[in-house]
Amino acid sequence: MSGNLDLLNTTLAAAREENRAALIAYLPAGFPDVDTGIEAVKAAFDGGADVVEVGLPHSDPVLDGPVIQTADDIALRGGVRIADVMRTVREAHAATGKPVLVMTYWNPIDRYGVERFTAELAEAGGAGCILPDLPVEESGLWREHAEKHGLATVFVVAPSSRDARLATITAAGSGFVYAASLMGVTGTRASVGAEAADLVRRTRATTDLPVCVGLGVSDPAQAAEVAGFADGVIVGSAFVKRMLDADGPSAAVAAVRELAGDLARGVRGTA
């Protein structure tokens, strides 16, 4: 069964046709429990997200700040497994028909088996994976199986990436390029920073793939700012913080839907 790389591509192209950036939400699987996590992904789509990244909780998430680390800890203590991540992708995609990616560090895939992981993700209707710690030079096996199963391979670039390195990374990727807006870990910040706009400009010089910016975006004004220069706006910690602060599962899901609506208006310039 083929994955949904084509759906991801057409979704991002449709946003561009509407002369706007896509809104990409991030939510960890299994947080605060598997069922609520699935409902939260659906709620993000209901609110206006174009794409959702489902995080595979990890005990040592080097890219993630304290908010997402807290959510990952809750999910891991709850016993979340890769099967639960696949279920989250399957049910969210089946309910919405929209592209769902998995964001994961490499070690869980390596232990699970690349062929098994890609086959199951495609069968679940997944659109691909974001792999923040997989070096391009070591990605051949993953890319072989991802391509076979119709899955995107999304790599992360950073402001520290030199132009030649950007070209190497973007040539190996598919779906879109994840541009980290600053050096550091995920989390909400007062300003996204000028480095992000420069990184998008330099990355676009190397590829026709959409360039989507994450790390630090938390409100409609910031979403609108990033939408002014990027093809997509990625928001994670702000969603997770709303869920952490909510009074129970139903309130957490409602909070995700509300924030997605606010951010969707931001990327459309109607906030």
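## Exercises on side-chain contacts

Arg 87 is partly exposed, with a relative accessible area of 28% (buried means under 20%, exposed over 50%, partly exposed in between; 1.4 Å probe, protein chains only). The model is predicted: local features need pLDDT of at least 70 and side-chain atom pairs count only at pLDDT 80 or more, while totals for chains, interfaces and linings use all residues. Residues are numbered from 1 along each chain as its sequence is written, and side-chain values use heavy atoms, with hydrogens and water left out.

**Exercise 1.** Find the salt-bridge partner of Arg 87 and state which helices the pair links.

*Solution.*
Step 1. The partner is Asp 35, with the closest N and O atoms 2.5 Å apart; a salt bridge requires a side-chain nitrogen of Lys or Arg within 4 Å of a carboxyl oxygen of Asp or Glu.
Step 2. Asp 35 belongs to helix H2 (residues 34-47) and Arg 87 to helix H4 (residues 82-96), so the bridge links distant parts of the chain, 52 residues apart. Helices are DSSP runs of H or I with at least four residues, strands are runs of E with at least two, and both are numbered from the N terminus.
Step 3. Asp 35 is partly exposed as well, at 46% relative accessibility.

**Exercise 2.** Describe the salt bridge between Asp 245 and Lys 241, and name the residues of the network built from bridges that share partners.

*Solution.*
Step 1. The N to O distance between Asp 245 and Lys 241 is 2.8 Å.
Step 2. Both residues lie in helix H11 (residues 237-245), 4 residues apart, about one turn of the helix.
Step 3. Asp 245 is exposed at 53% relative accessibility, and Lys 241 is partly exposed at 40%.
Step 4. The network consists of Asp 163, Asp 198, Arg 201 and Arg 202.
Step 5. The structure holds 17 salt bridges; one of them joins Arg 20 and Glu 18 at 2.7 Å. Arg 20 is buried, at 12% relative accessibility.

**Exercise 3.** Work out the geometry of the ring pairs that involve Trp 142 and Trp 106 or Trp 142 and Phe 117.

*Solution.*
Step 1. A pair of aromatic rings is described by the distance of the centres and the angle of the planes. Rings of Phe, Tyr and Trp (its six-membered ring) pair if their centres lie within 6.5 Å; planes under 30 degrees apart are stacked, over 60 edge-to-face and the rest tilted.
Step 2. A search of the whole structure gives 3 aromatic pairs. In one of them, Trp 106 and Trp 142 are edge-to-face, with 6.2 Å between centres and 90° between planes.
Step 3. Trp 106 is in helix H5 (residues 106-112) and Trp 142 in helix H7 (residues 140-148), 36 residues apart.
Step 4. Trp 106 is buried at 16% relative accessible area, and Trp 142 is buried at 0%.
Step 5. Phe 117 and Trp 142 form a tilted pair, 6.3 Å centre to centre and 55° between the planes. Phe 117 lies in helix H6 (residues 114-123) and Trp 142 in H7, so this pair ties together parts 25 residues apart in sequence. Phe 117 is buried, with a relative accessible area of 1%.
Step 6. Ring pairs link Trp 106, Tyr 112, Phe 117 and Trp 142 into a cluster.
Step 7. The charged end of Arg 116 sits over the ring of Tyr 112, 3.8 Å from its centre (the criterion is NZ of Lys or CZ of Arg within 6 Å of the ring centre and within 35 degrees of the ring normal).

**Exercise 4.** Locate Glu 53 and state whether Glu 53 is buried or exposed.

*Solution.*
Step 1. Glu 53 is in strand E2 (residues 51-55).
Step 2. Its relative accessible area is 0%, so Glu 53 is buried.
Step 3. Beyond four places in sequence, the contacts of Glu 53 include Ile 24, Tyr 26, Met 103, Phe 176 and Tyr 178, where contact means heavy atoms within 4.5 Å.
Step 4. An unreviewed UniProt entry lists Glu 53 and Asp 64 under "active site". UniProt positions follow the numbering used here, feature names are shortened, and annotations may be inferred rather than shown by experiment.

**Exercise 5.** Identify the backbone features at Pro 32 and Asn 19.

*Solution.*
Step 1. Phe 31 and Pro 32 are joined by a cis peptide bond, with omega about -5°. Pro 32 is in the loop between strand E1 (22-28) and H2.
Step 2. Asn 19 has a positive phi of about 60° although it is not a glycine. Asn 19 is in the loop between helix H1 (5-17) and E1, and is exposed at 72% relative accessibility.
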